[in-house]
Amino acid sequence: MIEQRELADGKAATFLGPRGVISVSGPDRLTWLHSLLSQNLKNLEPGQSAEALLLDPHGHIEHVIHFIDDGQTSWLIVEAESREPLLSWLNKMVFRMQVVIADRSEDYVLVGHMVSPVDGVATSNGIPLAWQDPWPGVVSGGVRYALTWPAKWPWFECLVEVQDLEATLSKYGQAGTMAFDALRVAAHRPRQLTEVDEKSLPHEYDWMSTAVHLSKGCYRGQETVAKVHNLGHPPRRLAFLHLDGSGHALPESGDEVFIGDAESARGKITIAVNHYEMGPIALAILSRSVPEDAALIVRSSTGPISASQEVIVPASAGKAANLPKRNLLMGGKH
């Protein structure tokens, strides 16, 4: 709990553990990556951050990419599990483009910090390699389905050279990844490692706000993205859960969620945490048909846990739902 408070106040930093770091250099890098990914990247200015998705042909999420460009090189930060498959796929897609792809995962580690980049962040071409999370804003070309959202999530993920990690962390209090997860869940912030499965569509997690540009040119999976948005019927939706803490136990990832005593599961827990102010909370992926006011039961190995939901993605999300939209440009033109 103390680590969460210090991390939230910018007094602590978190070593975020293994991640994949891929660099793409060359004069064609931005137009090439723009054609492959869900985000508008060709107008990205040096030092600007972006979030992008690599989708399969059916619009399902394969990789979530945190993106920085320094004017000469694009830096792609991904989950450790994404590193090898993404590298392999990118290398297959080069064709005649003037790009050079390199795995830099052994050279850099990732340190998370609130409010500002850490003192010790690596630089390239004079640009700090600090990814600023656009959540919960709405980037140009995006749309947010949620009607309410946490007030702020000023999160930075900073590339630090391996040899500088110890010196960088010594300047801050230490907060573990459990503290990071607690603050992330409170911010309704999805992560590929815990929230995404083989069926995941960006609409289900409100990733249409920060990782998808609705009016850019063709990319793999775009037809599904447009269809689901225009019909307003993503099959599932991310929800924030307040859990009953009287039993002093948290559900585990994958525990099933039910409506009352119903026999059929209507969703699953993706992550559950103890928050320093809210107590036990969780993110869950639910069927779209689950009523937004339904009282839920999580069936865990320690027994049933009652839960009340806070809607992130409404049951009818998309253009057809005629939801209020806002379009806040985060970090400049994309």
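**Note on the predicted model**

1. Phe95 counts as exposed, at 67% relative accessibility; exposed means over 50% relative accessible area, buried under 20%, and partly exposed in between, computed with a 1.4 Å probe on protein chains only. Phe95 sits in the loop between H3 and S6, where helices (H or I, at least four residues) and strands (E, at least two) are DSSP runs numbered from the N terminus. Its phi is near 50 degrees, a positive value in a residue other than glycine. Most residues other than glycine have a negative phi, and most peptide bonds are trans.

2. The model is predicted, so local features need pLDDT of at least 70 and side-chain atom pairs count only at pLDDT 80 or more, while totals for chains, interfaces and linings use all residues. Residues are numbered from 1 along each chain as its sequence is written, and side-chain values use heavy atoms, with hydrogens and water left out.

3. The chain averages a pLDDT of 93, and 95% of the residues score at least 70; pLDDT is the predictor's confidence in each residue, from 0 to 100. Over residues 322-334 pLDDT stays under 50. For that stretch the model has 43 contacts beyond four places in sequence, a contact being heavy atoms within 4.5 Å.

4. His188 also has a positive phi, near 65 degrees, in a residue other than glycine. The residue comes just after H5 and lies in the loop between H5 and H6. With a relative accessible area of 4%, His188 is buried. As for H5 itself, eight of its ten residues are buried, so the helix is largely enclosed by the rest of the structure. The buried residues of H5 are Ala179, Phe180, Asp181, Ala182, Leu183, Arg184, Val185 and Ala186.

5. A cis peptide bond, with omega about 0 degrees, joins Trp135 and Pro136. Pro136 belongs to the loop between strand S10 (130-132) and S11. Trp135 is also one of the residues touched by Asp206. Asp206 lies in the loop between helix H6 (192-195) and helix H7 (222-231) and counts as buried, at 0% relative accessibility. Apart from residues up to four places away in sequence, Asp206 touches Val143, Arg144, Tyr145, Ala146, Ile312 and Val313, as well as Trp135.

6. Ser105 is in the loop between strand S6 (100-103) and strand S7 (108-114). It is buried, at a relative accessible area of 12%. The side chain of Ser105 makes a polar contact of 2.6 Å with the side chain of Asp103; such a contact is a pair of N or O atoms within 3.5 Å where, within protein, one must be able to donate a hydrogen and the other to accept it, and residues adjacent in sequence count only if both atoms are side-chain atoms. A polar atom of the Ser105 side chain also lies 3.0 Å from the backbone nitrogen of Val21. Beyond four places in sequence, Ser105 touches Arg19, Gly20, Val21 and Arg83.

7. Thr270, in strand S15 (residues 267-275), is buried at a relative accessible area of 2%. Its side chain and that of Glu195 are joined by a polar contact of 2.5 Å. Leaving aside neighbours within four places in sequence, Thr270 is in contact with Thr194, Glu195, Ser253, Leu283, Ala284 and Ile285. Thr224 is 46 residues away along the chain, and the two C-alpha atoms are separated by 24 Å.

8. Helix H2 (residues 29-36) is mostly covered, with six of its eight residues buried: Arg29, Leu30, Trp32, Leu33, His34 and Leu36. The cover over these buried residues includes strand S2 (19-25), strand S3 (49-55), S4, S5, helix H3 (83-92) and S6.

9. There is one cavity of 30 Å³ or more; on a 1 Å grid over the protein atoms alone, a cavity is a set of points where a 1.4 Å probe fits but cannot get out, a pocket is an open set with protein on both sides within 12 Å along at least five of seven lines, and lining residues have an atom within 4 Å of a point. The largest cavity holds about 190 Å³ of space, a volume being the space filled by probe spheres set on the points, with grid points joined across faces, edges and corners. Of its 19 lining residues, His66, Glu79, Glu157, Pro190 and Arg191 are the closest to the centre. Strand S4 (61-69), strand S5 (73-79), strand S11 (155-161) and helix H5 (177-186) each give two or more residues to this lining. The largest share, three residues, comes from S5.

10. The largest pocket has a volume of about 330 Å³. It is lined by 16 residues, with Ala8, Met114, Lys152, Leu183 and Tyr276 nearest its centre.
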